[in-house]
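Please read the following report alongside the sequence and the coordinates.

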Amino acid sequence: MPGEATDDSVSTPDLAEVFDRAAPRYDRTGVHFFGPIGARLVDGLKLCPGEDVLDVGCGQGACTVPAARAVTPGGSVIGIDVAPAMVEGARDEIADEGLTNVDVRIGDATKPGFAPASFDAVVAGLVMFMLPDPADAAARYHRLVRPGGRFAMSTFGADDPAFFHVTDAVVPFVEGGMPPVPGRTDNPLRSKEGIHRLLRDAGFADTRIDDETLDLEFTDPRQWWDWLWQTAGRMVLERVPEERLGEARAAAEDRMRQVAADRGRLVVHWNVWYSYTTAG
């Protein structure tokens, strides 16, 4: 219900600072993750030329760029992100793509600050589970879309035990205990029934959830370790004292090698849920 925070939420200032530090390497480790998930989310939304779209928690444009292409000609996309460095990265990506129908700005996904009925669609790619109150956010997005407008979000489904087998190796080295890890503990977004209920309570209808698995493959343990630093997992890694970081990395990489031996390649099977719903 609105007003109830999930146990694994992270404050907005904390998120901004973490992703500002992650921005220089964000999605630049050679691992294809955010881009494919963003493109798949937008593709399933079936945007049309001339539509207006809001991308909340836009990062460096994983959803923003394909949405801008889809609504051309005549449509527009606004992307907002709480981290200034991510906004700058998104602007660079948009400039590289030669897109002129996009405006990316600093903004809070929990309080977008736009007039009601401003958009035909709102997109939230891998962001809802980081918000302190996803139910309240969904209700706000419902108010932002026009009658018959749509909302689309991507979240994580079933965990691959191999991933947390690796990251749990870092836990003994974390100073002061584990911080909240977005999306891992039980909350409404961790079940399909919970997602249906959350979106229904926000005023949406006809929710569809596409359940797919993305194989996230790494060339070697070094690449996996580098990739962790440009995700929300950075919140954990930054709590490891510098003098113990080498030990933590060695422990994680030992488990990575176990994964590679068990599976024949260094791969994580990442279950992603793509949810689509319509405003009544």
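## A glutamate in a loop

Does E51 count as buried or exposed, and at what relative accessibility? E51 counts as buried because its relative accessibility is 13%, where buried means under 20% relative accessible area, exposed over 50% and partly exposed in between, with a 1.4 Å probe and protein chains only. E51 sits in the loop that runs between helix 2 (34-45) and strand 1 (52-56), helices (H or I, at least four residues) and strands (E, at least two) being DSSP runs numbered from the N terminus.

When neighbours within four places in sequence are set aside, the residues in contact with E51 (heavy atoms within 4.5 Å) are K46, V71, G75, S76, D120 and R150.

## Basis of the model

This is a predicted model, in which local features need pLDDT of at least 70 and side-chain atom pairs count only at pLDDT 80 or more, whereas totals for chains, interfaces and linings use all residues. Residues are numbered from 1 along each chain as its sequence is written, and side-chain values use heavy atoms, with hydrogens and water left out.

## The chain as a whole

The chain contains 10 helices and 7 strands, and 55% of its 280 residues are buried. Of the contacts in the chain with a separation of 6 or more, 82% are between residues 24 or more positions apart.

## The nonpolar core

In the largest nonpolar core there are 88 residues, and M128, Y141, W224 and W227 have the most contacts inside it; such a core is a set of buried Ala, Val, Leu, Ile, Met, Phe, Trp, Tyr and Cys residues joined through side-chain atoms within 4.5 Å. Strand 7 (residues 267-279) gives the most to this core, contributing 7 residues. Beyond its neighbours within four places in sequence, M128 is in contact with residues including P134, Y141, F151 and L189.

## Aromatic rings

The structure holds 17 aromatic pairs, counted for rings of Phe, Tyr and Trp (its six-membered ring) with centres within 6.5 Å, and classed as stacked for planes under 30 degrees apart, edge-to-face over 60 and tilted for the rest. F114 and F119 form an edge-to-face pair, at 5.3 Å centre to centre and 85° between the planes.

The pair of W227 and W270 is also edge-to-face, because the ring centres are 5.8 Å apart and the planes stand at 70°. Since W227 lies in helix 8 (residues 221-228) and W270 in strand 7, this pair ties together parts that are 43 residues apart in sequence. Both W227 and W270 are buried.
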